[in-house]
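Dear colleague,

I am passing on a structure that I would like you to look over, and my notes on what was found in it follow below.

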Amino acid sequence: ASFEQWGAGAADDYLNSTKKPAGWNDPLGRNEISSAAVSTITPKWDDSATNEEKLERIITQKWIGGYPEGMNAWAEWRRTGYPKLFPILKNDSQGIIPTELGVRRLSYTVGEKANNPQGYAKAVELLGGPDNGASRLFWDKNQPNF
């Protein structure tokens, strides 16, 4: 239905495509911020692929399909590591958030800290790390998908 709505052609053509993602070349010619492709996954399903490749294919399509809903896409990326994204070129976290890992969670609001100090203290204790974007949530495990 989305393909039809946006005049994108036949969905079957896309789903059978073996085209691979392209790199990105800065239109202003700044090669230092251009990037080679970070994935070789195609839309076409491959039963012989590894479970990891199948997961990458599924989550990449889910990311595309959920593009307007950024929070869900971000959660899937944190949970699975997919889709593979272009590298972060400038990290403004003053060393708090590892560039390769990216932001793992949002910090609690100033209002929460001010209006609920006991609840905030307990939440940070349960978090198991500082209240910043580098601390993982309980479901955000540093382990293989399979």
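A pocket here is an open set of points on a 1 Å grid over the protein atoms alone, with protein on both sides within 12 Å along at least five of seven lines, and its lining residues are those with an atom within 4 Å of a point. Please keep in mind that the model is predicted.

With that definition, the second largest pocket is lined by 21 residues, and Pro21, Ser39, Ile41, Thr60 and Ile64 are the ones that lie nearest its centre. Its volume is about 380 Å³, and helix α3 supplies the largest share of the lining, with 5 residues. By class, that lining divides into 12 nonpolar, 5 polar and 4 charged residues.

The largest pocket, for its part, has a volume of about 600 Å³ and a lining of 27 residues, of which Trp77, Gly81, Glu100, Leu101 and Arg104 lie nearest its centre. The lining of the largest pocket comprises 11 nonpolar, 9 polar and 7 charged residues.

Trp77 also belongs to the buried residues of helix α4 (residues 70–80), which are Ala73, Trp74, Glu76, Trp77, Arg78 and Thr80, and these buried residues pack against α3 (51–65). At the start of α4, a side-chain oxygen of Glu69 comes to within 3.3 Å of the backbone nitrogen of Met71, while the residue that follows the helix is Gly81, with a positive phi near 85°.

With best wishes

Definitions and conventions:
Residues are numbered from 1 along each chain as its sequence is written. This is a predicted model: local features need pLDDT of at least 70, side-chain atom pairs count only at pLDDT 80 or more; totals for chains, interfaces and linings use all residues. Side-chain values use heavy atoms; hydrogens and water are left out. Buried means under 20% relative accessible area, exposed over 50%, partly exposed in between (1.4 Å probe, protein chains only). Helices (H or I, at least four residues) and strands (E, at least two) are DSSP runs, numbered from the N terminus. Contact means heavy atoms within 4.5 Å. A polar contact is a pair of N or O atoms within 3.5 Å; within protein, one must be able to donate a hydrogen and the other to accept it, and residues adjacent in sequence count only if both atoms are side-chain atoms. On a 1 Å grid over the protein atoms alone, a cavity is a set of points where a 1.4 Å probe fits but cannot get out, and a pocket is an open set with protein on both sides within 12 Å along at least five of seven lines; lining residues have an atom within 4 Å of a point. Grid points are joined across faces, edges and corners, and a volume is the space filled by probe spheres set on the points. Ala, Val, Leu, Ile, Met, Phe, Trp, Tyr, Cys and Pro count as nonpolar, Asp, Glu, Lys and Arg as charged, and the others, Gly among them, as polar.
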